[in-house]
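Subject: Structure handover

Hello,

Here is the structure for your files. My notes on it follow below.

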Amino acid sequence: MEAFDSAERRQAESSGRRATVIGAGIAGLAAALRLRRQGWDVVVVERAPSRRSSGYLVNLHGPGYAAAERLGLLRALTPRDIGFFTSVLVHADGREKLRIPAAVTEAAVGNRALSLFRGDVESALYDAVAEFADIRFGTTVRAITQTPGEVEVTLSDDTHLRTELLVGADGVHSRVRELVFGAESEYFVDLGHMVGAFPLETSPAHMPDGVGTTYIGPGRTAAVMNLGPGRSSAFFAYRCLDPDAELALGAAPALTRAFGDLGGGVADALRQLDAEPGTAYFDSVGQIVMDRWSQGRVVLLGDAAWCVTVFAGYGAALALDGADRLGTALAAHGDDIPAALDAWEATLRPEVTKRQALARKGISRFAPPSRAHVWAGELMLRAIQLPGIRGLVRRSIQRANN
Ligand SMILES: Cc1cc2nc3c(=O)[nH]c(=O)nc-3n(C[C@H](O)[C@H](O)[C@H](O)COP(=O)(O)OP(=O)(O)OC[C@H]3O[C@@H](n4cnc5c(N)ncnc54)[C@H](O)[C@@H]3O)c2cc1C
């Protein structure tokens with residue numbers, strides 16, 4: 001396996017250093033992989049009873065693709081790439097408005113890019129690390145105390161772990177953050193929108209094959225990708241004043257209330273969700289904004305630390321890049337873990353700040369505030385097809401990725 005070749009196996013022989021990672025998402029598994037490679041003995045604690053699968057589509061390009069490459073994941077990820085597909089902007093009733101061929105997107109994004117289900121990224125990481133790390137499913141963290149020399153972690157099964165480094169990679173609603181840094185309300189900045197996304201077991205009805213359709217109207221977006229069985233998916237984003245009420249309603253009823261009037265593939269996607277509600281990601285959209293991501297030997301990573309949100313389209317990239325850079329900083333600072341964590345944060349913070357700002361700006365692309373904004377967005381999409389503008393788009397994507 002590329003991610004752990006025989007040279008790395010030897011290199012990975014235990015150095016006796018112990019790290020505990022809370023959360024087996026992209027950030028946690030990437031950190032476990034990177035640390036194990038440097039000889040750390042790693043325990044990963046995951047609340048879910050087993051590995052999560054599929055999820056929603058994530059794009060990795062620019063630094064996200066480069067981080068996947070550095071982590072040795074490309075050989076495992078490339079066969080799972082969904083690839084580029086034709087995008088069709090549609091009216092509310094599903095009729096075609098505007099078509100953007102796959103080649104246009106490919107020319108703008110470039111060939112160092114992958115489109116993957118989140119579960120496939122997690123599987124590639126899990127396969128690379130499972131043999132070398134102690135992964136405990138169905139377990140969570142109950143208490144954390146630290147001295148200058150170590151961290152003691154009490155788990156939900158009453159196990160006590162003594163560890164030199166604790167990585168909180170337990171997502172936007174992080175328990176590690178709550179235990180060590182304080183309540184979520186101190187750090188969560190609500191962006192006033194809901195997002196729902198889920199895979200489709202069967203190809204959605206009333207849609208052409210091999211395309212993704214997107215409806216963008218005032219305050220909402222609905223996208224349905226018909227890329228065949230096991231590769232199709234749906235994505236919904238909408239403005240919302242009371243996220244708690246939406247969450248209490250649940251994904252299928254809330255999304256049906258917000259999008260049930262739309263034609264095309266939306267109705268079938270919602271029907272599939274209703275039949276299998278457990279497959280959906282459904283949450284309010286909010287950023288985590290913190291002055292510091294570490295305290296002593298405890299560090300937050302990924303959405304737990306900085307959740308840039310779906311509107312940035314960059315959280316998985318930052319999780320991979322952040323984990324890789326964490327390994328580099330720890331290798332450079334020997335036993336001085338707090339210094340390594342400070343140095344790590346200094347290298348990453350400018351990128352996180354930039355992506356959080358881009359996400360806040362990007363909200364209006366997903367939920368335009370008015371009809372005029374919808375028309376302006378459509379004009380831009382039409383312009384992308386003009387060869388001169390295409391070059392501009394490519395350069396602006398490259399600038400955002402530098
Ligand atoms: C719809 C959507 C589309 C997206 N598209 C893109 C994209 O195109 N490109 C991109 O780069 N990013 C994208 N993102 C963002 C990206 O998916 C996330 O930023 C990334 O997956 C975060 O990974 P994470 O490991 O930090 O957190 P999570 O994925 O939330 O993982 C946290 C893990 O911790 C576990 N956990 C939680 N609490 C506990 C606990 N108390 N104890 C133990 N375990 C716990 C969870 O079960 C989970 O396994 C998208 C996000 C969404 C919602």
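The ligand is surrounded by 37 residues, the closest being Gly-23, Gly-25, Gly-171, Gly-302 and Gly-315. A residue is near a molecule here if its C-beta atom, placed from the backbone, lies within 6 Å of it. The model is predicted, so to say: local features need pLDDT of at least 70, side-chain atom pairs count only at pLDDT 80 or more, and totals for chains, interfaces and linings use all residues. Residues are numbered from 1 along each chain as its sequence is written.

The elements that give two or more residues to this shell are helix H2 (26-37), strand S3 (57-61), strand S12 (188-200), helix H11 (303-306) and helix H12 (315-332). Helices (H or I, at least four residues) and strands (E, at least two) are DSSP runs, numbered from the N terminus. H12 supplies the largest share, 4 residues. By type, the shell holds 20 nonpolar, 10 polar and 7 charged residues. Ala, Val, Leu, Ile, Met, Phe, Trp, Tyr, Cys and Pro count as nonpolar, Asp, Glu, Lys and Arg as charged, and the others, Gly among them, as polar.

Now the sheets. An open sheet of 7 strands runs in the order S5-S4-S13-S14-S15-S12-S16, with mixed pairing. Its edge strands are S5 (96-100) and S16 (281-288), each of which pairs on one side only. Two strands pair if DSSP finds at least two bridges between them. From one strand to the next the twist averages 20°. Helix H14 (residues 371-384) packs on this sheet and touches strand S4 (86-90), S5 and strand S13 (211-217); the direction of H14 makes about 40° with that of S5. Contact requires C-beta atoms, placed from the backbone, within 7 Å; axes are lines fitted to C-alpha atoms, for helices over the stretch in contact, and angles run from 0 to 180 degrees between N-to-C directions.

Within this sheet, S13 has these pairings. S4 and S13 run parallel and are joined by 4 bridges, with Val-88 opposite Thr-213 in S13. S13 and S14 are antiparallel over 7 bridges, and Gly-212 has Met-225 in S14 as its bridge partner. S13 and S14 form a hairpin with 2 residues between them, and Gly-219 in the turn has a positive phi of about 75°. S13 is mostly covered, with 5 of its 7 residues buried. Buried means 20 or more other C-beta atoms within 10 Å of the residue's own, exposed 12 or fewer, and partly exposed in between, with C-beta atoms placed from the backbone. S14 (residues 220-226) also pairs with S15 (residues 232-239), antiparallel over 6 bridges; there Val-224 has Ala-234 in S15 as its bridge partner.

Another open sheet has 6 strands in the order S7-S2-S1-S11-S18-S17, and the pairing is mixed. Strand S7 (134-136) and strand S17 (294-295) stand at the edges with a single partner strand each, so one side of each has no neighbour in the sheet. S1 (residues 18-22) and S2 (residues 41-45) pair in the parallel sense over 5 bridges, and Thr-20 stands opposite Val-43 in S2.

Two non-glycine residues with positive phi are listed here for checking. Asp-158 has a phi of about 70° and is found in the loop between strand S9 (151-155) and strand S10 (160-163). Asp-158 is exposed, with 7 other C-beta atoms within 10 Å. Thr-309 has a phi near 85° and lies in the loop between H11 and H12. Thr-309 counts as buried, with 27 C-beta neighbours inside 10 Å.

Regards

Terms used
Two residues are in contact if their C-beta atoms, placed from the backbone, lie within 7 Å.
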